[in-house]
Amino acid sequence: MTLQVDRASHLSVILDLSPTQWHLSATASPHPLSLQSFLSQLFAFLNAHIASKNENTLAAFGAFPGKSAMLYATTESLVDEPPPLDANSFPPFKVVDTTLLQCITRELDAIGKLEDEPPCALVGALTKALCYINRIAQPPASVGNVAEDPAIPSDPRILILSVSPDLSSSYIPIMNAIFSAQKLKVTIDVCKIYGPDTVFLQQAAHLTNGSYIYLEQRDALLQYLIMSFLPSPSVRKVLVIPKQDKIDFRAACFCHKNIVDVGFVCSVCLSIFCQPVPVCSTCRTKFPIKSLQRLKAACPSPVPTTPRPLANLNNATPWTVQTPNGGTPRLR
């Protein structure tokens, strides 16, 4: 087996920077993890990626409430002044740590305090990461043979560090991003730090041959990152990478944006609905009435409600049912 270990590896990191979720993570028990502690462990992981090979590239994107932004890129300068030289630190490490900290602080200060915090723009950050990978993967015109150029990344990947729950309204955009990652052969890894399991990110990691890890001990974040996400996809072929095989394949309906267990799929555009509809809202296809009747008959019956206790029926108002002849039937 021939491994492309001599080729450069690119890593794009997407940071879920929801202030509310990080406050809950810092106060959760057991194993609380604050944003400050998270950043310190993240910087150590990013420095390890850069130190693995001199040609390795790195990019960081932040998913903030209502917006996404690029925080760091190896090929671009996102700060006005470079960090001062320090004799006690390696200059590439100093640049990464300082630039990320400055950009995150600047974006959080610009957001300020919000009464109603909008959901994080995770899909926007994922889309920007894919666009950046597509740009750096294109060879320059002067390069003759791309396969022999070690400066062009051979196996780009994306690592999502998530603390927010699923947003059902983002199902269609995130699935489009997953299909784009499959087309570009980009591996998507997911590290769920806080909150319940995310259905959509589980599917993203599964469909792109990535790893999905849910942290059981948040204070051991650095150990999870080094053991699971530091090796490149080409090196993982000879390693046993820890991963969680539990995958939830549920989807969100296109009508109410709810995650459904049983859905009805349009045979033309593959749109998903929670109930049979006469006309598809996406492609405007009309379905036969007999098919609608058959699908409605196959729908699972709703769960029966708990009957009212007999003790509460003493003060209840009697029900009356209007009959066709105008009389009132007797209740038995």
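Author: Buried means under 20% relative accessible area, exposed over 50%, and partly exposed in between, with a 1.4 Å probe and protein chains only. This is a predicted model, so local features need pLDDT of at least 70 and side-chain atom pairs count only at pLDDT 80 or more, while totals for chains, interfaces and linings use all residues. Residues are numbered from 1 along each chain as its sequence is written, and side-chain values use heavy atoms, with hydrogens and water left out.

Reader: Ok, how many residues are in the largest nonpolar core, and which have the most contacts inside it?

Author: The largest one has 36 residues, and Phe38, Leu161 and Ile193 have the most contacts inside it. Helix H2 gives the largest share, 7 residues. Elements that each supply at least two residues include strand E1 (10–16), strand E3 (67–73) and helix H3 (91–111). Helices (H or I, at least four residues) and strands (E, at least two) are DSSP runs, numbered from the N terminus.

Reader: What is Ile193 in contact with, leaving aside its neighbours within four places in sequence?

Author: Contact means heavy atoms within 4.5 Å. On that basis Ile193 is in contact with Trp22, Leu33, Phe38, Leu161, Ser162, Val163, Leu215, Arg218 and Leu221. There's also a second, separate core of 35 residues, which includes Met175, Val186, Leu201 and Tyr212.

Reader: Switching to rings: how many aromatic pairs are there?

Author: The count is 4 aromatic pairs. Rings of Phe, Tyr and Trp (its six-membered ring) pair if their centres lie within 6.5 Å; planes under 30 degrees apart are stacked, over 60 edge-to-face, and the rest tilted. One of the pairs is Trp22 with Phe38, tilted, at 4.6 Å centre to centre and 35° between the planes. That pair links distant parts of the chain, with Trp22 in helix H1 (residues 19–27) and Phe38 in helix H2 (residues 35–52), 16 residues apart. Trp22 and Phe38 are both buried.

Reader: And what kind of pair do Phe61 and Tyr132 form?

Author: Edge-to-face, with 6.3 Å from centre to centre and 65° between the planes. Phe61 is in strand E2 (residues 57–64) and Tyr132 in helix H4, 71 residues apart. Both Phe61 and Tyr132 are buried.

Reader: Now H5. Which of its residues are buried?

Author: Tyr171, Ile174, Met175, Ala177, Ile178 and Ala181. Seen down the axis of H5, they fall within an arc of 155°, so they line one face of the helix; the arc is that of the directions from the helix axis to the C-beta atoms.

Reader: What covers them?

Author: The cover includes helix H4 (122–137), strand E5 (187–192) and helix H6 (199–207). After H5 comes Lys185, whose phi is positive, near 60°.

Reader: Last one: is Asn56 buried or exposed?

Author: Asn56 counts as buried because its relative accessibility is 10%. Asn56 sits in the loop between H2 and E2. A polar atom of the Asn56 side chain lies 3.1 Å from the backbone nitrogen of Ser9. Leaving aside its neighbours within four places in sequence, Asn56 is in contact with Ala8, Ser9 and His49.

Technical notes
A nonpolar core is a set of buried Ala, Val, Leu, Ile, Met, Phe, Trp, Tyr and Cys residues joined through side-chain atoms within 4.5 Å. A polar contact is a pair of N or O atoms within 3.5 Å; within protein, one must be able to donate a hydrogen and the other to accept it, and residues adjacent in sequence count only if both atoms are side-chain atoms.
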